Amino acid sequence: MGNKKYIIHSDINEIPILIKEILKDIDVNIFCMNEDCFFKIKLVLNELISNAVIHGNLNDAGKPVTIEMITSERQVEFNIADQGAGVCERDFSSYDLISESNRGLMICQNMCDKIDYCYIEGKGNTVSVVFINKNDANA
């Protein structure tokens, strides 16, 4: 239970190292992660952080990507923020999986329990995703 913040340069080579660190930091004694949940979190983080680096910050190493992780017994939430232009679409469920445009966001939308997008002019995008602890009796 707690918060942790991670900051990386907009360099796709840093993403796998960061995700490995984040997954280690999730306290499995509190948030029980089975292999399915572990896979979903890893996939969604990879997609959203990659989008922030590539599409949000346009691979500009001078623009950081910030990831905030908030954990509790009931859920783990991630807020991924870049400094890029806004995400126009909010509902990706009707997109064609064959098309590369927005496919990753559509997959993320179906892998997590909740996803929200926010754009603040001059500050960038923040995508928030929540994974609910399916092993929690109160979930």
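Trainee: What makes E2 and E3 a pair of strands, and in which sense do they run?

Mentor: Keep in mind that this is a predicted model. Six bridges join E2 to E3 (residues 75–81), and the two strands run antiparallel. Pairing takes at least two bridges, so E2 and E3 count as paired.

Trainee: What pairs with strand E1 (residues 2–9)?

Mentor: That's E2, antiparallel again, over eight bridges. His9 has Pro64 as its bridge partner in E2.

Trainee: Which side chains of E2 are buried?

Mentor: They alternate along residues 64–71: Val65, Ile67, Met69 and Thr71 point to one face and are buried.

Trainee: Why is the pair of Phe78 and Phe131 called edge-to-face?

Mentor: A search of the whole structure finds one aromatic pair. The ring centres of Phe78 and Phe131 are 6.4 Å apart, within the 6.5 Å limit, and their planes sit at 75°, over the 60 degrees needed, so the pair is edge-to-face. Phe78 is in strand E3 and Phe131 in strand E5 (residues 124–132), 53 residues apart in the chain.

Trainee: How do you know whether Phe78 is buried or exposed?

Mentor: Its relative accessible area is 0%, and buried means under 20%, so Phe78 is buried. Phe131, at 2%, also falls under 20% and therefore counts as buried.

Trainee: Why does Ser50 count as buried?

Mentor: Its relative accessibility is 15%, which is under 20%, so Ser50 is buried. Ser50 lies in helix H2 (residues 35–56).

Terms used
Residues are numbered from 1 along each chain as its sequence is written. This is a predicted model: local features need pLDDT of at least 70, side-chain atom pairs count only at pLDDT 80 or more; totals for chains, interfaces and linings use all residues. Side-chain values use heavy atoms; hydrogens and water are left out. Buried means under 20% relative accessible area, exposed over 50%, partly exposed in between (1.4 Å probe, protein chains only). Helices (H or I, at least four residues) and strands (E, at least two) are DSSP runs, numbered from the N terminus. Rings of Phe, Tyr and Trp (its six-membered ring) pair if their centres lie within 6.5 Å; planes under 30 degrees apart count as stacked, over 60 as edge-to-face and the rest as tilted.
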